[in-house]
Amino acid sequence: MWRDSKEQAIGQKEIHSFEIHLYFLNSILPEQFQIDLALIDEQVVGMIAYNEREVSQLYIHNDYQGIGIGKTLLDKAKEQSSGRLTLYTFEVNEKAQRFYEKHGFKKIGSGHENEENLPDIQYEWMSK
């Protein structure tokens, strides 16, 4: 789900093997981030990795986008935040940009280094 969603969003094949991703999701990501999954009929249809300051990952299964799963996951991260969250999204992922802006995030920067070597945008959300 995560790999397919990312590949569709950025138009680029994943550079890491499935095994490396599995290790990242199970061993590295949980060291710094809370990971929540969205399930429908016991199938993972969404995931978010966040802490009190940052959203590291937010991916929704391609077949389940646009029905509120991302909003639900993002709202939980906002509730658990320090009142401010930052995140990055790729410039090519205009759908994600529209989603984050719709949910109160503002562009605050660009140019973060990433493995995909794609330009990105930094966003920030602050509670009112």
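**Entry 1: ground rules.** I am working on a predicted model, where local features need pLDDT of at least 70 and side-chain atom pairs count only at pLDDT 80 or more, while totals for chains, interfaces and linings use all residues. Residues are numbered from 1 along each chain as its sequence is written, and side-chain values use heavy atoms, with hydrogens and water left out.

**Entry 2: Glu-124.** Is Glu-124 buried or exposed? Glu-124 counts as buried because its relative accessibility is 17%. I then looked for a polar partner, and the side chain of Arg-84 makes a polar contact with the Glu-124 side chain at 2.3 Å. A polar contact here is a pair of N or O atoms within 3.5 Å; within protein, one must be able to donate a hydrogen and the other to accept it, and residues adjacent in sequence count only if both atoms are side-chain atoms. Contact in general means heavy atoms within 4.5 Å. Leaving aside neighbours within four places in sequence, Glu-124 is in contact with Arg-84, Leu-85, Thr-86, Gly-104, Phe-105, Lys-106 and Ile-108.

**Entry 3: Thr-89.** I moved on to strand 4, where Thr-89 sits. Thr-89 is buried, because its relative accessible area is 7%. With neighbours within four places in sequence set aside, the contacts of Thr-89 are Ala-96, Gln-97, Tyr-100, Asp-120, Ile-121 and Tyr-123.

**Entry 4: Thr-72.** Here is a threonine in another setting. Thr-72 belongs to helix 3 (residues 69–80), and Thr-72 counts as exposed because its relative accessibility is 54%. What does the side chain of Thr-72 reach? I traced it to the backbone oxygen of Gly-68, at 2.9 Å. I also checked Thr-72 against Leu-25: they are 47 residues apart in sequence and 21 Å apart in space, C-alpha to C-alpha.

Entry 5: Strand 1 (residues 34–40) pairs with strand 2 (residues 43–50) in the antiparallel sense over seven bridges; strands pair if DSSP finds at least two bridges between them. Leu-39 has Val-44 in strand 2 as its bridge partner. Strand 2 also pairs with strand 3, again antiparallel, over five bridges, and a hairpin joins strand 2 to strand 3 through four residues. In that pairing, Met-47 stands opposite Tyr-59 in strand 3. I noted that strand 3 is largely enclosed by the rest of the structure, because five of its six residues are buried.

**Entry 6: the turn between strands 1 and 2.** Two residues lie between the strands of this hairpin. Most residues other than glycine have a negative phi. Asp-41, in the loop between strand 1 and strand 2, has a positive phi near 50 degrees. Glu-42, placed in the loop between strand 1 and strand 2, has a positive phi of about 65 degrees. Asp-41 counts as exposed because its relative accessibility is 76%, and Glu-42 counts as exposed because its value is 79%.

**Entry 7: cores.** A nonpolar core is a set of buried Ala, Val, Leu, Ile, Met, Phe, Trp, Tyr and Cys residues joined through side-chain atoms within 4.5 Å. Which residues have the most contacts inside the largest nonpolar core? In this core of 19 residues, they are Ile-48, Val-55, Leu-58, Leu-73, Tyr-100 and Phe-105. Strand 2, strand 3 (55–60), helix 3, strand 4 (84–90), helix 4 (94–102) and strand 6 (120–126) each supply at least two residues of this core. Helix 3 gives the largest share, four residues. I listed the neighbours of Ile-48, not counting residues up to four places away in sequence; among them are Ile-35, Val-55, Leu-58, Leu-73 and Ala-77. Another core, of five residues, lies apart from the largest one and includes Leu-29, Phe-33, Met-47 and Ala-49.

How values were computed. Buried means under 20% relative accessible area, exposed over 50%, partly exposed in between (1.4 Å probe, protein chains only).
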